[in-house]
Amino acid sequence: MRSILKDFSHLWPASREAVLGPILSKATYLRFPEDLNLIALEKKPESVVVITSGVDLFAIRPFLFNGFRHFVNRNREDLPQELLASCLMIARPAKFVQNPIPFFLAGFSDVQIFADTERNFTVKFQDSSEKNVLLKKLETFLAKNQKTRSLSDLCIQTADELITNALYNAPIDSAGDRMYLNVDRQVKISYPPDKTATLFACCSDDRITIGCEDTFGSLSKTEMFQYLRSKFNSDLSVPTETTGGAGLGIKMIMENAANFYLFSEKNRRTLVAASFLLTGLKSNM
């Protein structure tokens, strides 16, 4: 078993060894494509980070369908941050599950909330009539930072997809049936009084992250796998129909984002987020 602590600790300053050591030691890693033959031998794939050398989404599907959950690219400059993000999720699942948004707001550099309003943005919503206001507030937030202005359109489009999904695809009734899945997106809908969703954004020196969390937790692994099989086939240029109840517009987000995150806890919450590098559109594709 390959140790992240042993093989990658050089990526972080020695001064952080005491803090990061216990976190990094909880996770192991496999390499792709070198370790493709080891997939079936892994007993706890959810605790393994797959370190890839490319961005071929079709190629990593065997790992996904065998229970692996964390993928980072060894050729990317943000390898230390993304590797640490995966290790934090693996090492501290209880804290992450309880409230994942602060992990994103802090850029996974610490589990403390990064309370800089110039860099962080969170707004709760319950009603489809709020969407335009939410997007306008996000646009105002993005305009504060010169680096994020060039990616404003992409960030707004991503937020629009995430909000729409949270409003129309995520809600389920007591029987587990999707309440608004087939409702026209122009029809106004509202959450039950005890349910909310949160749109959030956080900006660091090198990236902007846009995410949305709902409190239904209705996205299942089966639906997500159906979606991936449908959207990311061997010919990525061939459009295919959305399957199942996922309906996330995820393909557009994944193909235009530098990093993609999805977390779902049944009947409690689903979080979808994407990060965009501030060095321009091409660096994100």
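**Questions on a predicted model**

Me: In which strand does Ser-275 lie?
Reply: The model is predicted, so local features need pLDDT of at least 70 and side-chain atom pairs count only at pLDDT 80 or more, while totals for chains, interfaces and linings use all residues. Residues are numbered from 1 along each chain as its sequence is written, and side-chain values use heavy atoms, with hydrogens and water left out. Strands (E, at least two residues) and helices (H or I, at least four) are DSSP runs numbered from the N terminus. On that numbering, Ser-275 belongs to residues 269–277, which form strand β9.

Me: Is Ser-275 buried or exposed?
Reply: Buried means under 20% relative accessible area, exposed over 50% and partly exposed in between, with a 1.4 Å probe and protein chains only. Among the residues that Ser-275 touches, not counting those up to four places away in sequence, are Arg-207, Ala-257 and Asn-284, where contact means heavy atoms within 4.5 Å. With a relative accessibility of 1%, Ser-275 counts as buried.

Me: Which residue in β3 stands opposite Thr-28?
Reply: Strands of a sheet pair through backbone hydrogen bonds, either parallel or antiparallel. Strand β2 (residues 28–32) and strand β3 (residues 48–52) pair in the parallel sense over 5 bridges. Within β3, the residue opposite Thr-28 is Val-48.

Me: What is the omega of the peptide bond from Phe-32 to Pro-33?
Reply: Most residues other than glycine have a negative phi, and most peptide bonds are trans. Pro-33 is found in the loop between β2 and β3. The bond that joins Phe-32 to Pro-33 is cis, with omega near 15 degrees.

Me: What is the phi of Asn-267?
Reply: Asn-267 is found in the loop that runs between β8 (259–265) and β9. Asn-267 is a residue other than glycine, and its phi has a positive value, near 65 degrees.

Me: What is the radius of gyration of the protein?
Reply: The protein has 12 helices and 9 strands. The globule rule, 2.2 Å times the number of residues to the power 0.38, is applied to C-alpha atoms. For 285 residues the rule gives 19 Å, and the protein is as compact as a globular protein of that length because its radius of gyration is close to this, at 19 Å.

Key. Two strands pair if DSSP finds at least two bridges between them.
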